Structures are given as structure tokens and as C-alpha cells.
Amino acid sequence: MSNILEVENLRVDIPVGNQTLHAVRGISFSLARGETLCIVGESGCGKSLTSLAVMGLLPRAARRSADRLEFDGIDLMRASRRQMQKIRGNRLSMIFQEPMTSLNPAYTIGDQLEEVMLWHQKVPREKARERAVFLLEKVGITGAAKRLSQYPHQLSGGLRQRVMIAMSLMCGPSVIIADEPTTALDVTIQAQILLLLSELQREFDMGLVLITHDLGVVARIADRVMVMYAGQVVEHGSAKAVFETPLHPYTRGLMECMPIPGKTPPGQHLGSIPGIVPSLIGEIEGCAFRDRCPVARAGCERFDELRRADGHAWRCIMDAQEARGHAAAREEAHQ
Amino acid sequence: MLGYLAQRLGLAVLVCLTVSLITFSLLSASGDIASAIAGEEATPQQLAEIRAELGLDRPWLVRYLGWLGGALQGDFGDSLFFRETVADLIIHRLPNTLLLAAMSLGVMLSLAIPLGMLAAFRPNTWIDRLALSIAVLGQAMPNFWFGLILIVVFALNFGVLPASGSSTTWHFIMPAIALGYYATPPMMRLTRAGMIEVLGQDYIRTAHAKGLSMKRVLFKHALRNAIIPVVALTVVQFGNMLGGSVVIETVFGIQGVGYLAWESITRLDVPVVQALMLLVAVFYIVLVLVSDFVNAWLDPKIRK
Amino acid sequence: MSSFPDPTSQVTEQAAGEAAGPLPVGRARWRDRDFTRRALKHTAFLLGCTIIVLILAMALLAPLIAPYDPYAQSMANRLVPPIWMDGGSWVHPLGTDGLGRDYLSRIIYGARISLLIGTFTVLCSGLIGTTLGVLAGYFGGRVDLVINFIIMTRLTLPVIMVALAVVAIVGSSLTVVILVLGLLLWDRFAVVMRSAVMQVRSQEYVQSARALGCSTPYIIVREIMPNIFGSLVVIATFEMANAILLEAALSFLGLGVQPPIPSWGLMVAEGRNYLLFDPWLIMIPGFAIFMLVLAINLMGDGLRDILTPENRN
């Protein structure tokens with residue numbers, strides 16, 4: 001399986017006064033067609049900025065650097081503005097957090113859907129309209145043809161996010177990046193939308209980068225999971241490996257905070273991670289998580305390296321054997 | 001929607017009536033019109049005849065209702081100075097003022113919108129400061145003075161434009177610049193503020209994520225939303241320009257209703273002044289209504 | 001009746017409020033160290049204040065600094081050009097007008113007229129507008145309805161025409177000009193104060209004052225006024241500039257201050273006769289109006305920035 005998206009040592013820096021906020025501090029991952037990668041982490045860990053950096057949509061003040069940032073063999077770091085415009089929305093799409101405000105209130109749904117296709121491909125308007133209706137039906141909107149002439153304010157949040165998903169699919173992209181597409185929605189709709197995304201991803205054989213903190217959904221749809229903390233990857237591996245043997249204490253902490261269907265027994269007390277995320281202004285020495293880590297020890301203040309074994313990576317002073325021991329102990333405690 | 005419309009219309013009519021009452025009572029306090037017409041040597045007999053002829057001997061309320069009734073039918077009486085009816089006088093002068101107002105709006109929009117957009121697109125840069133300076137200078141300059149400077153420079157020194165009169169379109173260029181520039185600052189600030197707000201919206205990020213060019217994002221997605229209040233204010237400004245034309249038309253000797261207003265006020269030609277004030281007020285009210293509907297029409301959230 | 005439309009309408013409210021931009025709501029901290037620090041860093045504000053202080057000093061000390069009597073005519077010295085032109089001299093630094101009066105002295109005395117008009121008009125219109133606005137905003141309902149109707153009627157009347165007509169009927173004097181402008185320029189005060197009071201009224205400390213049983217006038221004076229004072233001062237500066245420009249326009253049209261009083265607007269009008277050969281006669285007084293209005297606007301803009309730091313981009 002060849003990778004369609006390759007990211008190596010991606011960094012995002014934001015100047016704050018005369019200091020620098022290192023929001024993303026050296027992230028690497030890759031994505032193949034048909035694969036789902038879930039990026040997990042609490043707010044402010046750099047998940048969203050990572051996705052915006054890949055899209056080339058960072059705020060003006062932010063600086064991006066990377067050893068490698070390739071989409072389908074194209075070097076995005078060197079791509080001109082025009083080249084980026086050809087890729088964005090066409091072969092690389094993005095879905096945002098805020099469905100309520102992400103659609104332009106002044107234009108109809110149809111206009112906004114058709115625009116993407118008319119802009120990127122030389123097709124007649126009827127063709128774009130057909131595609132829009134097809135996709136609106138695909139994302140589960142009834143009466144699709146009628147919806148085309150409606151304005152965003154006439155739709156509910158869930159419907160708007162479905163429209164956004166349809167919009168991202170208009171040109172048949174190879175990769176979709178979805179940045180917490182369900183946080184603003186009603187809980188009952190959240191899972192529906194995520195499962196819909198996953199279905200569409202399989203049907204159209206796309207790569208999907210899903211940024212979320214819903215571990216329940218991650219467990220159901222992810223092929224691979226990447227856990228981020230304070231702008232770094234702290235754990236990265238196949239969904240199976242990460243869920244069965246979480247090697248980083250932060251991952252274990254996250255799992256205890258959230259019920260996982262079929263895993264968390266009913267009535268179980270949910271955990272929480274005490275403490276706060278360290279400031280990202282300036283460099284962080286050693287492990288960024290050590291102040292909140294239940295198993296921190298001497299040496300953590302110096303250790304900062306991503307260990308790898310069997311396609312599983314984790315950023316912790318504990319080696320594979322010791323970490324597996326902790327994971328197993330946790331597993332036992334749950335049974 | 002219909003109920004809302006009816007309420008607005010009712011209110012507008014009420015305001016117009018109030019304005020007509022104010023106008024009428026203000027000008028009936030202007031002293032004895034009869035002696036103004038007859039001159040100082042008039043005998044009491046002559047004065048009484050003039051009063052009877054003009055109906056000035058009737059009670060105030062009767063005169064007001066008579067005037068209002070006439071006004072509703074487009075009859076504002078005769079000018080005391082010109083040998084014309086007030087209605088004819090105004091109809092002959094109105095096209096000049098409308099042309100001036102339209103050209104001024106053109107000047108205003110072609111300055112305010114590009115500058116406001118550029119300033120919003122690059123806030124706190126030299127272009128933003130330039131736009132702000134233009135606004136600050138425009139707000140501080142007395143428009144009659146600016147008009148005179150234009151005359152000195154372009155008519156007297158370079159001789160490229162006519163200094164005064166209204167016989168050709170060329171005559172309207174300098175007045176339109178003077179009047180339009182004066183109205184530019186608030187419009188530019190509104191455009192800038194609107195654009196800055198819109199450019200920070202999520203749907204602008206969506207438009208970028210769709211791969212659209214900067215030009216298309218700005219002109220299709222941003223401008224369309226930022227322009228709504230600008231269009232509405234433009235309509236109202238059109239009304240304000242009719243009032244503002246008094247000064248500029250006097251400076252440039254344009255035979256429009258503004259100049260007519262000044263002439264008639266200085267001569268206390270009461271019927272003309274009454275008619276003009278009512279006309280400008282009604283015009284303003286109608287334009288405010290229009291701008292409300294334009295607003296509703298441009299904003300899909302209000303439009304039903 | 002409850003859904004009665006806001007008669008001032010969105011648009012006119014915007015039109016009235018826009019020139020003043022976003023206005024500060026909240027307790028303005030004049031004595032705050034932060035206020036002073038920001039004021040000292042605001043170049044445009046300092047520039048505006050400096051010019052105003054200079055013009056104010058000029059107006060107050062006019063008899064001491066004016067080289068001549070501003071009314072003294074001298075037919076032998078007509079149309080002497082200012083110092084920077086050929087034939088100018090330090091005897092009359094800004095030259096003399098068509099009646100041989102010293103232009104510098106007239107400009108110095110003219111500052112008195114503009115400042116008098118500006119100050120008293122704003123006092124008058126501010127009092128009317130604030131009273132109406134506060135009443136409408138505080139009481140709402142029927143009171144609001146009536147006051148809104150008054151505001152809309154006022155916005156409908158063309159200011160220049162009404163002012164000209166009143167002056168033409170009553171006769172022109174400084175007092176008449178001040179009163180007419182004061183009675184006409186209160187709309188922005190009323191519109192902005194109304195919405196500011198509505199905003200403040202719904203806030204907790206006002207609610208709690210009411211819950212404690214404080215009387216209405218007490219709440220308005222002690223709890224609401226301090227919080228809208230910032231907005232009030234900012235609008236006052238813009239209305240002052242507006243009043244000065246209008247007086248100049250009225251005098252220019254011959255229906256404001258009457259000759260031989262040295263009003264800057266009137267001086268421009270008198271200079272108009274010499275437009276072709278002596279354009280400096282209109283340049284100098286026009287520039288004086290421009291500088292004063294510019295300075296007031298810079299100060300108002302600056303105050304708004306300083307009092308509402310969160311509104312700056």
C-alpha cells in the first residue's frame with residue numbers, strides 16, 4: 001500500500017510577543033488510500049493546527065516547517081499558492097468543527113456545493129447539480145433536490161455538517177481531513193455522522209484523517225491511532241495495539257476518562273487526569289507529561305524520544321516490557 | 001411580513017405628517033408675508049387685499065389643512081418670487097440635484113469600497129493607514145471650502161473644468177467630488193469594519209479550503225456579506241445628499257433644489273421652502289423604508 | 001403593540017452610530033494609571049489634544065496676542081498678501097482682507113466663535129439627547145415608543161435647511177445659531193444613549209441595585225451614568241466637530257454669524273469675492289476650521305481607542 005500523505009517532523013510556531021509558541025513540535029505520520037487515521041488528544045494539543053498546516057490554511061502569523069510534507073508525491077512545502085488551490089477541495093478536502101458557521105449564509109446550499117466542482121473541473125452546471133443531489137442523498141439528506149435552493153440558516157446543525165461532508169466529497173478527493181466534525185453537534189447525532197464518514201471513506205476508497213476526542217468512535221472506525229500531547233506524538237500505532245496495550249501513561253489516562261462500549265463495565269467510575277498542560281511557549285525539557293503522570297520517576301525530566309517496537313511507537317521512559325506490564329495491570333484491574 | 005410592512009408604512013406616514021406640521025408652523029411664524037410682498041409703503045387696504053387673496057386671513061388650522069390637501073395633490077401654491085407654481089419650480093430643478101446626488105454616490109462608493117476593503121484585507125499596514133488618513137481628512141474638511149479649493153485649482157489655475165453652473169455634465173464633476181468625498185469616511189469605516197468581521201468568519205476558511213482563489217474568496221464570499229449594511233447605508237446617504245446639496249449647489253451655482261432652497265430661504269419665499277422641506281423629508285423617509293427592504297432582500301435570514 | 005417596530009430602524013441607527021464607531025460601554029477609568037499610559041502612547045490623540053490646547057489658548061488670550069483690532073479697517077492696506085507670498089511682510093503676517101483688516105487678528109478672534117459655538121451647542125444638544133436617550137432606554141415601552149418617534153422625526157428633518165430657515169426667520173445672532181444647532185444635533189446622543197442604557201440596564205449590578213430598592217433617579221445617576229460616560233464624551237467630541245462645521249457652513253451661506261464678527265466660515269464667504277487673484281483669503285480661514293475639526297476628531301477617535309482597548313484590531 002503506497003502512502004498518499006507523508007508528514008515528517010512537522011512543526012508549527014506562533015510568535016507571541018517576543019517569544020515563540022511551539023504549538024506543533026515535530027509530528028510525523030503517513031496515510032494510505034482507504035486508511036483511517038485518528039488523531040486523539042485534549043484541546044490545545046495541536047491537533048487542529050496539524051490539520052490546518054497540512055492544508056496550508058494556517059493563520060497568517062503561524063510559521064510552518066517540515067522535513068517532508070507530501071501529498072500524492074507533491075511537495076506541499078514548495079507548492080505555489082496556485083498549486084495548493086488546485087489540490088485543496090479537489091483532491092484533499094477538509095471538514096471543520098463548526099457546521100453552524102462554516103457555510104456562507106448568503107448563498108444557497110446548491111450554489112455552495114456546485115461551486116467546488118465548477119471551480120475545479122470543467123463540467124456543465126447540470127452535471128455539478130446532479131453530483132450535489134447524489135451526494136446529499138449519500139450523506140442521508142432526504143429531499144435532496146429541494147434542499148439545493150435552501151439557505152444554511154434553514155438547516156439544523158446536523159444537516160449542515162452533512163452538507164459540509166457532501167461538499168468535501170464533490171470532487172472525489174483522495175484524502176479527507178475531518179477536524180472534530182461532531183463536537184458542535186447534538187450527542188445523538190455525533191456517532192451517526194462519524195459512522196457515515198467512515199462508510200463513505202470505505203465506499204470511495206479515500207484516506208481519512210479524523211481528529212476527535214471520542215475514543216468510542218475511534219475504537220470502531222480507526223485503522224491507526226495517533227495520540228498527541230502538548231504538540232507532540234506520545235503514542236502511535238494500529239488501533240488494535242493502542243487500545244489493547246496502551247504503552248503511554250497519558251493514553252491510559254485518556255481511556256480511563258471515557259467509557260468504551262463493550263470494554264467499560266456499567267457503573268464503573270470514570271477517571272480524570274489531574275494537573276494542567278504545560279505552557280507551549282519556549283522549549284520543554286524532557287517529558288511534557290511528567291508533572292501529571294502517575295508513574296513519573298527520576299529521569300523523566302531528561303527523557304524525550306519516541307521508542308518504536310513492532311510498528312507501535314510511544315514517547316516514554318519505560319521500555320516496551322515495562323510499559324506492557326502497566327497495560328496488562330490496567331486490563332486486569334478492569335476485569 | 002405584511003403586518004410589519006403596514007406598521008412601518010403607518011409610522012412613516014405619521015412622521016411625514018408631523019414634519020409637515022413642524023414645517024408649516026415654523027414658516028407661518030415667519031412674520032407677515034403680505035407686507036413682505038407689498039413692500040413698506042403699502043396701505044392697510046392693500047395689505048388686507050393681499051391677505052385675502054393668499055387666504056392669510058383664515059384661521060391657522062384651516063390654512064394648514066388647505067395646504068396639506070393641496071400638497072397631497074401636488075399643489076404647493078405659487079412662488080412669491082418666481083412667476084411659477086412651486087411644483088413646476090421644483091420639477092425643473094430636481095433633475096440637476098438628482099444627477100449631482102447620483103454622481104456623488106458614485107464618487108463615494110468608488111473611494112469608500114476599494115479603500116475599505118484593502119484596509120480590512122491588510123489591517124495595520126500602510127494601506128490601512130492611508131485609508132484612515134483619507135477618512136480623517138475628509139471628516140475635518142468643510143465641504144464648501146473643499147469645493148472652493150477645487151474651483152481655484154481646476155477651474156481658475158488649470159482651467160480644465162467649469163467653475164460654476166449646471167449646463168453640462170462637466171459642471172457636475174467638481175461638486176460631485178466635493179459632496180461625495182464628504183460622505184466617504186463613514187462609508188469607508190463601515191466597509192472596513194464589515195470586511196474585517198466577515199474575513200474572520202468560519203465560512204471564509206471553508207471557502208479557502210475549497211481551493212478557491214483569493215480573488216474569488218474576497219469578492220464572492222466576503223464582499224457579499226460585508227456589503228449588506230453598506231448598501232443599506234448608501235440608500236440613506238442618497239437622502240442625506242439632497243439636504244447636503246444646499247451648500248454645494250450654492251458654491252457651484254448648480255440650478256438644483258438645494259440652490260433653490262437657499263435662494264428661497266434668503267427671500268423668505270415661504271411656499272417654496274415649505275414644499276422643499278416636506279419633499280426632502282418624504283424622500284428621506286421613503287429611502288429609509290427602501291433601505292430596510294433592500295436589507296431584508298440581501299440578507300437571506302430576514303428574507304422570507 | 002408589543003412587537004412595534006423600532007422606528008429608528010437598523011439602518012438609521014447605523015448611520016447615526018457609524019461615524020463614531022464602536023463606543024465604550026463600561027466604567028471608564030479616567031484616573032486609572034492604565035488610561036494615562038495608553039493616552040501617552042496614542043500619538044494621534046496627543047496631536048489632537050496639543051492642537052486643541054493651542055487653539056484654546058489662542059481664543060482665551062486673543063486680546064493679548066492679536067497684533068491688531070480685528071475690526072479696524074484700513075483702506076490703504078487692503079489685500080496685503082501673507083508673509084510667504086510676494087509682497088508679504090511681518091507687519092501683517094497673514095495679510096489683510098478686502099477691508100484692510102489684519103487677517104491674523106481676525107483668525108485669532110475667530111477661534112472664539114468656533115469654540116463658543118462648539119461648546120455650547122454640544123452642552124445643549126447633549127442635554128436634550130442624553131435625557132431623551134436615557135429615558136427611552138431606562139423605561140422602555142411607551143416612553144421608548146414616543147421618544148423613538150421624536151428621534152425619527154428629527155432624523156427626517158434636513159438639518160441645513162431647517163437651520164437656515166430658522167435663522168432667516170428669527171434673525172441671526174450667535175445665540176440663535178447655538179440654539180438652533182443645539183436643538184437639531186441631539187439625535188446621535190439620543191440613539192446611542194438609548195442603546196447604551198438598555199445594555200447597561202440589563203447588567204447585574206443595576207439589577208441588584210434595583211433589587212435593593214434603590215430609586216430610579218438614584219440608579220440612573222449613580223449606576224448608569226458613570227458607565228455610559230465614556231460613550232457620552234466620545235459622541236460629544238464628534239458632535240462638537242459637526243457643530244463647528246455647520247456654523248461655518250451657515251455663516252458661509254450668509255445665515256449664521258453676521259459681519260463684522262470674525263467667524264471663520266464668514267471669512268471664507270467674504271474671501272470668495274477675491275477667489276481669482278487672492279485665493280489665500282479663503283485658504284487661511286478654511287484651514288483654521290479644518291485644523292480645529294481635525295484636532296477634535298483625532299481627540300475623539302483617540303479617546304474611543306483608549307477607553308475601549310478590546311475594540312481595537
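Figure 1. Of the 313 residues in chain C, 51% count as buried. Please keep in mind throughout these views that the model is predicted. The secondary structure of chain C consists of 13 helices and zero strands, so if you trace the chain along its sequence you read α-α-α-α-α-α-α-α-α-α-α-α-α. Turning to contacts in chain C with a separation of 6 or more, 74% of them come from residues 24 or more positions apart.

**Figure 2. Helix 5 against helix 6 in chain C.** Here we zoom in on helix 5 (residues 103–139) and helix 6 (residues 141–156) of chain C, whose axes are 7 Å apart and which pack at an angle of about 145°. The crossing of helix 5 of chain C with helix 6 of chain C is left-handed. Which residues meet here in helix 5 and helix 6 of chain C? From helix 5 of chain C come C:Leu132, C:Leu135, C:Ala136 and C:Phe139. Facing them in helix 6 of chain C are C:Gly141, C:Val143, C:Asp144, C:Ile147, C:Asn148 and C:Ile150. By residue type, this contact of helix 5 with helix 6 of chain C divides into seven nonpolar, two polar and one charged.

**Figure 3. Where chain C meets chain B.** Two pairs of chains touch, and the pair with the most contacts is chains B and C. Chain C brings 43 residues to this contact and chain B brings 52 residues. On the side of chain C that touches chain B, the elements giving two or more residues are helix 1 (9–18), helix 6, helix 7 (159–170), helix 11 (216–252) and helix 13 (280–307) of chain C.

Figure 4. Chain B has 12 helices and zero strands, and from the N terminus on its elements run α-α-α-α-α-α-α-α-α-α-α-α. Its C-alpha atoms fill a box of roughly 85 × 60 × 30 Å along the principal axes. Of the 304 residues of chain B, 45% count as buried. Among contacts in chain B between residues at least 6 apart in sequence, those joining residues at least 24 apart make up 71%.

**Figure 5. The contact between the domains of chain B.** In this view, 13 residues of domain 1 of chain B are in contact with 10 residues of domain 2 of chain B. What elements give two or more residues to the side of domain 1 of chain B that touches domain 2 of chain B? They are helix 1 (2–28) and helix 2 (33–38) of chain B. Helix 1 of chain B supplies the largest share of that side, nine residues. The residues of this side of domain 1 of chain B divide into nine nonpolar, three polar and one charged.

**Figure 6. Chain A beside chain B.** A total of 23 residues of chain A are in contact with 16 residues of chain B. Helix 2 (81–87) and helix 3 (109–120) of chain A are the elements that give two or more residues to the side of chain A that touches chain B. Helix 3 of chain A gives the most to this side, with four residues. Sorted by type, the residues of this side of chain A divide into 11 nonpolar, eight polar and four charged. Chain A does not touch chain C, and the nearest C-alpha atoms of these two chains are 14 Å apart.

**Figure 7. The open sheet of chain A.** Eight strands of chain A form an open sheet with mixed pairing, in the order 7-8-9-3-10-11-13-12. At its edges are strand 7 (92–95) and strand 12 (307–309) of chain A, each pairing on one side only. Neighbouring strands of this sheet are turned by 15° against each other on average, direction ignored.

**Figure 8. Strands 8 and 9 of chain A, with two helices.** Strand 8 (residues 175–179) and strand 9 (residues 207–212) of chain A run parallel and are joined by five bridges. A:Ala178 stands opposite A:Leu210 in strand 9 of chain A. Helix 1 (residues 47–55) of chain A packs on the sheet, and its direction makes about 150° with that of strand 8 of chain A. Among the strands of chain A that helix 1 touches are strand 3 (36–40) and strand 10 (224–229). Helix 7 (residues 187–204) of chain A lies across strand 3, strand 8 and strand 9 of chain A, and runs at about 165° to strand 9 of chain A.

Technical notes. Residues are numbered from 1 along each chain as its sequence is written. Chains are lettered from A and ligands numbered from 1 in the order in which they are written. This is a predicted model: local features need pLDDT of at least 70, side-chain atom pairs count only at pLDDT 80 or more; totals for chains, interfaces and linings use all residues. Two residues are in contact if their C-beta atoms, placed from the backbone, lie within 7 Å. Two strands pair if DSSP finds at least two bridges between them. Axes are lines fitted to C-alpha atoms, for helices over the stretch in contact, and angles run from 0 to 180 degrees between N-to-C directions. Ala, Val, Leu, Ile, Met, Phe, Trp, Tyr, Cys and Pro count as nonpolar, Asp, Glu, Lys and Arg as charged, and the others, Gly among them, as polar. A crossing is left-handed if the near helix is turned anticlockwise from the far one by less than a right angle, and right-handed if clockwise. A residue is buried if 20 or more other C-beta atoms lie within 10 Å of its own, exposed if 12 or fewer, and partly exposed in between; C-beta atoms are placed from the backbone.
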